[in-house]
Amino acid sequence: EEYRNRVFSTVWLTLAGGAFICWLAMLGSPFISELLFGTSEYQWVVCIALFGASMELISLPYELDLRIQNKMMLFSIVTVTGAGLAVALNVLFVLTLNLGVYSFILSTALTALYQVIVYRLICKKQAQISSFDSGLIKRMLRYSLPLLPSNLSFWVINAMGLYVILHFYSEAEVGVYGIASRFATMLTVVTRAVMTSYTAFAFQTILEDGAEQKICRV
């Protein structure tokens, strides 16, 4: 329990630092909008997107803590209700309030905020500065940093597709592409479910006899 609290506090405080950087970046939203879209018109879109990203960073340690404890039912409830809220907000913002380009970004940010609040109420866990372990975060970074190039390149490739379509066609074509890609990403619901449950299984099994063989079979 002591080690788990140390891990939680270290991860939460580190990601909270990332959230703070997002909040600082919101101050430069006109410049970021100009850089990405060639106009400062979308500075509020950038602000809302950065806020949503900061909420996702803050909620992640709570999500991981539930998974490590194998409280998959609670994790599933938050995930499913969050997805339902996102759909409902999209319908509201697009069809009723006609918010246009803000609709998807705003619904994503509000869903992330909802998850932070619900996870905080469920976990009843609070990060403590005294539990921050600099040695632990160094070991985490040594493990994770080699994964960064592949993850970053995956993100760049996905983002570049949108800009290529925009260069040769129009914003409407980008929207159609976005809708089509949403259907394709529905497949990740299955893979995410498997990987989420696998993590909990691996942590439960790792100390058992024959753990390596069990994990390999799964």
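Me: Which residue has a side chain that meets that of Arg6 in a salt bridge?

Reply: This is a predicted model, in which local features need pLDDT of at least 70 and side-chain atom pairs count only at pLDDT 80 or more, while totals for chains, interfaces and linings use all residues. Residues are numbered from 1 along each chain as its sequence is written, and side-chain values use heavy atoms, with hydrogens and water left out. A salt bridge is defined as a side-chain nitrogen of Lys or Arg within 4 Å of a carboxyl oxygen of Asp or Glu. With N and O at 2.4 Å, the side chain that meets that of Arg6 belongs to Asp133.

Me: How many residues apart are Arg6 and Asp133?

Reply: Helices (H or I, at least four residues) and strands (E, at least two) are DSSP runs, numbered from the N terminus, and on that basis Arg6 lies in helix H1.

Me: Does Asp133 count as buried or exposed?

Reply: Buried means under 20% relative accessible area, exposed over 50%, and partly exposed in between (1.4 Å probe, protein chains only). Arg6, at a relative accessible area of 27%, is partly exposed. Asp133 has a relative accessibility of 17%, and therefore counts as buried.

Me: How many residues apart in sequence are the parts that Asp65 and Arg4 tie together?

Reply: Asp65 and Arg4 form a salt bridge whose closest N and O atoms are 2.9 Å apart. Because Asp65 lies in helix H3 while Arg4 lies in helix H1 (residues 2-26), the parts tied together are separated in sequence by a number of residues that comes to 61.

Me: What is the N to O distance in the salt bridge of Glu208 and Lys214?

Reply: Glu208 is partly exposed, with a relative accessible area of 40%, and Lys214 is partly exposed as well, its relative accessible area being 29%. Asp65 and Arg4, by contrast, are both buried. The side chains of Glu208 and Lys214 meet with N and O separated by 2.8 Å.

Me: Are H3 and H5 roughly parallel or roughly antiparallel?

Reply: Axes are lines fitted to C-alpha atoms, for helices over the stretch in contact, and angles run from 0 to 180 degrees between N-to-C directions. Helix H3 (residues 43-68) packs against helix H5 (residues 102-123) at an angle of about 30°, and their axes are 8 Å apart. Angles under 35 degrees count as roughly parallel, over 145 as roughly antiparallel, 65 to 115 as roughly perpendicular and the rest as oblique. The angle therefore makes H3 and H5 roughly parallel.

Me: How many nonpolar residues are there in the contact of H3 with H5?

Reply: Ala, Val, Leu, Ile, Met, Phe, Trp, Tyr, Cys and Pro count as nonpolar, Asp, Glu, Lys and Arg as charged, and the others, Gly among them, as polar. In the contact of H3 with H5 there are 3 charged residues and 3 polar ones, while the nonpolar residues number 19.

Me: How many disulfides does the structure hold?

Reply: A disulfide requires a pair of cysteine sulfur atoms within 2.5 Å. The nearest cysteine sulfur to Cys47 is that of Cys22, 11 Å away, and Cys47 is in no disulfide. Cys47 is buried at a relative accessible area of 10%, whereas Cys216 is exposed at 63%. The number of disulfides in the structure is 0.

Me: What is the phi of Asn98, which is not a glycine?

Reply: Most residues other than glycine have a negative phi. Asn98 sits in the loop between helix H4 (72-96) and H5, and is exposed, with a relative accessible area of 60%. Although Asn98 is not a glycine, its phi is positive, at about 50°.

Me: What distance separates the C-alpha atoms of Thr111 and Val87?

Reply: Thr111 is a residue of helix H5, and its relative accessibility of 8% makes it buried. Val87 is 24 residues away from Thr111 along the chain, and the C-alpha atoms of the two are separated by 9.7 Å.

Me: How many strands does the chain have?

Reply: Along its principal axes the C-alpha trace of the chain spans about 60 × 40 × 35 Å, and of its 218 residues 27% are buried. The secondary structure comes to 10 helices, and the count of strands is 0.
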